[in-house]
Amino acid sequence: MKKLLTIILILGIVVCSVFANGGSEATTSANGVVAGSNKSASGETTKDVYIDFWGVWAQDNYRAVYWQEKAAEFCEQYEKENGISVQIEYFGQGSYSGLSEKLAAGAVAKLLPVISQVEEQATARFAALGADLTKYMKPEVIDNYLDGILVSCTQKGKLVAVPAGRSYVCCILNKDLLEKSGHTLAEVENWDWDKYVEIATDIAKLGDDIYGAAVYWDEDAWTWESALYSEGGSIDNEDGTKITFLEADATRILNNTVKMLLNNVTYSAYNDYSYMDVTDGFYELWAQGKIGSFIGSITQYKSSNKFKNNYEGHAEFDVVIAKQPAGSAGFGMATGGSNMMILNSATETQKKVAAAFFEYLAQDANVAEWNSVSGYEAFTESVVNDASFKATTDADPNLLNIYKFVEDAHSRPATPKWQEMYSTVIIQDLVDLTQHPENYADPKATQALVEKWAEKCQKILDEK
């Protein structure tokens, strides 16, 4: 009788296992991953493991396409090595704000993906949703990430993310126009904001259809924030309870922008495009060789060149990446871009496989390739000694500049409310300043503007 009961129990366990895994026999890999987690918030698969991946870029964006290709490579390799079939499916959200809204809604509805990109500063906002990656990733892989860009990945002592498309603010210059205006590369190596205005003004003198610079705030007021750091300022204090940017010169870049716009030194596309799409406007003139410089993300080195090379009748000119100009406190630019999280709501199997995917992306050859394809930071310590990285940086020294200049990065605010501040308080005023510079010609007007920002942002901080 006991023997019969034992047989029945065993049969019951087998049957339950089969039904739990979609009717197929359970498979266990050498690292303990069990097949069967083949559903998540975004869909399901006939493969053993399904991983949905929410990202910031549209499906056909070249960076999203690259990640989809790497995911396919990983899945093929993983099955060969572990006997577990995997499908990783990417879902682009189109913007950082769109991605954050989707994550916030998913948290409420309890419909979250296995992996999500998250804007670097918003990592603090969504940290509670993230798994502790030290439980799933090898210590040597974690230790190999660059320390400076791993800071935002650690929230309240827990590693909730790893670097993904990480960037920082730099200046991208048309080298030919720089030299035609009588200036040299040596002048931009350790330049400051005054030298930046001087060079842009001289470039604009080359012709009525030539601009020394283009203005671009990005969707998160990033270039204003970064210029503030160069003046020794910060958005708030360490514990995120007090707005502090009035303690430094928060108006220098505003006054420079107004002056350059009024003197026709700087080009603005803000009258014809939304602040999300303004690069569509100035990239066209950039491709024609009519803009001397612009301040923005290191990734715009790649995106602006892609636009130029695809633009019919584009001008031929060399491009160089320089540091964001120094302020009174030196070179203190903002880092940004995105991290990647594994969501706590995923199964243990999905977490283990997703962590293996992160480790795959962190291999030196893949890090070097990602840097070359996207222009984002090569985010590991060891990549600098890798042959593939040396090959790409020998071919394009600007990529080596991108790797080195991150040493001057300033840490961004840890407050989870910064996204609300820039989207509801700051960015629209920056757009208005750019569209109507004549209203801000008096420095008292820009000072009043940042004082208004400080007051409104403090109220947001004070809200429970």
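Here are some notes on strand pairing, aromatic pairs and charges over rings in this predicted model.

1. Ground rules: local features need pLDDT of at least 70 and side-chain atom pairs count only at pLDDT 80 or more, while totals for chains, interfaces and linings use all residues. Residues are numbered from 1 along each chain as its sequence is written, and side-chain values use heavy atoms, with hydrogens and water left out.

2. Strands β3 (residues 49-55) and β4 (residues 86-92) run parallel, joined by seven bridges; DSSP has to find at least two bridges for strands to pair. Y50 sits opposite Q87 in β4. Helices (H or I, at least four residues) and strands (E, at least two) are DSSP runs, numbered from the N terminus.

3. Getting from β3 to β4, the chain passes through helix α2 (residues 62-82), and this β-α-β crossover is right-handed (with the strands pointing away from the viewer, the path from the first strand over the helix to the second runs clockwise).

4. The whole structure gives 28 aromatic pairs (Phe, Tyr and Trp rings, the six-membered one for Trp, with centres within 6.5 Å; planes under 30 degrees apart are stacked, over 60 edge-to-face, the rest tilted). One of them, W224 with W453, is edge-to-face at 5.1 Å centre to centre and 85° between the planes. W224 is in helix α10 (residues 222-230) and W453 in helix α19 (residues 443-462), so the pair ties together parts 229 residues apart in sequence. Both are buried (under 20% relative accessible area, 1.4 Å probe, protein chains only; exposed is over 50%, partly exposed in between).

5. Ring pairs also link up a cluster whose members include F53, W57, Y66 and F357.

6. Lysines over rings: the charged end of K308 is 4.4 Å from the ring centre of F317, and that of K323 is 4.7 Å from the ring centre of F331. The test is NZ of Lys or CZ of Arg within 6 Å of the ring centre and within 35 degrees of the ring normal.
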